[in-house]
Amino acid sequence: MTVKLITFDITGTLLALRGSVGFQYAKVGSRHGIYAPPDELSKHFYRVFKKLLVQHPNFGANDIGWQEWWRQLVFHTFRDSLPSHNLEKSSAINRVSADLIEVYKTKECWKMTEGSQTLLEKLRSKGLRLGVISNYDPRLEDILNNLNINKYFNFVLTSYSAKCQKPDPAIFKIVEQMNKDLKKKEILHIGDNPKLDYLGAKEAGWNSLLIGENVTKITVDFPEIKSEWVVKNIGEIYATLENNGLIL
C-alpha cells in the first residue's frame with residue numbers, strides 16, 4: 001500500500017544546529033558582558049537539559065511554561081560554567097536568556113540538513129501530504145518560517161501544543177484525527193531516534209523509516225528494526241520509499 005501522508009521529525013532529521021550550543025551561548029553571552037568557555041557551556045547545557053526534562057517534562061508544558069523552562073536552562077548552564085560568578089544577582093543573565101530564545105528561532109542557529117529541501121520538493125510534487133511531529137516548543141513554527149520551509153507542510157505539531165511527547169501514542173493519534181480519511185498504513189513517519197521516532201510510529205500502527213549512519217549497531221541494539229527501514233542520510237530516503245513500494 002502506498003502512503004499518502006509523510007510526517008517528519010525536525011532536529012537531526014530535516015534541520016541541524018549551525019555551530020555548537022556552547023559556541024552560540026558564548027557568543028550571545030558576550031554581547032551582554034558574560035564570558036564563558038564554549039566547551040564548558042556545551043557540557044553543562046546537555047546535563048541541565050536532561051535534568052529539566054525530568055523535573056518539568058515537555059518544556060514545562062504542564063507547569064512552568066516553555067519560556068521559564070528555557071530561562072532556567074540558560075541560567076543554570078551559565079552558572080555552572082562560571083562557578084565564581086554571582087549570576088543570581090545579575091540582570092544581564094535575563095537579557096542573555098531572552099536573546100537566546102529569539103536567536104534560536106533564526107538561521108543564525110539552524111540550517112537544513114543536506115538534501116532535505118530537495119526531498120521535500122520531490123515528495124510535494126507527488127501530491128503527498130507532509131507534516132511535522134516534533135518534541136519541541138511553540139517556536140518551531142517561527143524556525144520553519146525563517147528557513148522558508150513551512151510552505152511544504154500541511155501541519156506542524158509540537159509536543160508542547162499536543163501536551164504529550166513522542167513516543168506517546170497520543171501524539172500520533174492527534175495526527176490521525178487530523179487526517180481521518182487515511183488508514184494507519186497510509187501514513188509514514190521519518191526521524192532519527194530509534195525509540196521516539198521509529199518505534200513510536202510503529203507502535204501507533206504506522207509505517208516508519210529511521211535515519212542512522214551505523215545501520216549494523218542500530219539493528220543490533222534494536223532487533224525489531226529491520227535494516228531495510230534504516231537509511232544513512234536524507235539522500236537515500238526517496239529511493240528507499242520507491243523500492244519498498246511506498247510511493248509510485
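Which residues in α1 meet which residues in α2? In this predicted model, local features need pLDDT of at least 70, side-chain atom pairs count only at pLDDT 80 or more, and totals for chains, interfaces and linings use all residues. Residues are numbered from 1 along each chain as its sequence is written, and side-chain values use heavy atoms, without hydrogens or water.

Val 21, Gly 22, Phe 23, Tyr 25 and Ala 26 of α1 meet Pro 38, Leu 41, Ser 42, Phe 45 and Tyr 46 of α2. Contact means heavy atoms within 4.5 Å. By class, the contact of α1 with α2 has eight nonpolar, two polar and no charged residues. Nonpolar covers Ala, Val, Leu, Ile, Met, Phe, Trp, Tyr, Cys and Pro; charged covers Asp, Glu, Lys and Arg; the others, Gly among them, are polar.

Helices are DSSP runs (H or I, at least four residues), numbered from the N terminus. The axes of α1 (residues 21-31) and α2 (residues 38-55) come within 7 Å and cross at roughly 115°. That makes α1 roughly perpendicular to α2 (65 to 115 degrees). Axes are lines fitted to C-alpha atoms over the stretch in contact, and angles run from 0 to 180 degrees between N-to-C directions. The crossing of α1 past α2 is right-handed (the near helix is turned clockwise from the far one by less than a right angle).

Helix α2 also packs with α4 (residues 66-81), at an angle of about 140° and with the axes 8 Å apart. The contact includes Leu 41 and Phe 45 of α2 and Trp 69 and Trp 70 of α4. By class, it has 10 nonpolar, five polar and three charged residues.

Key
Helices (H or I, at least four residues) and strands (E, at least two) are DSSP runs, numbered from the N terminus. Angles under 35 degrees count as roughly parallel, over 145 as roughly antiparallel, 65 to 115 as roughly perpendicular and the rest as oblique.
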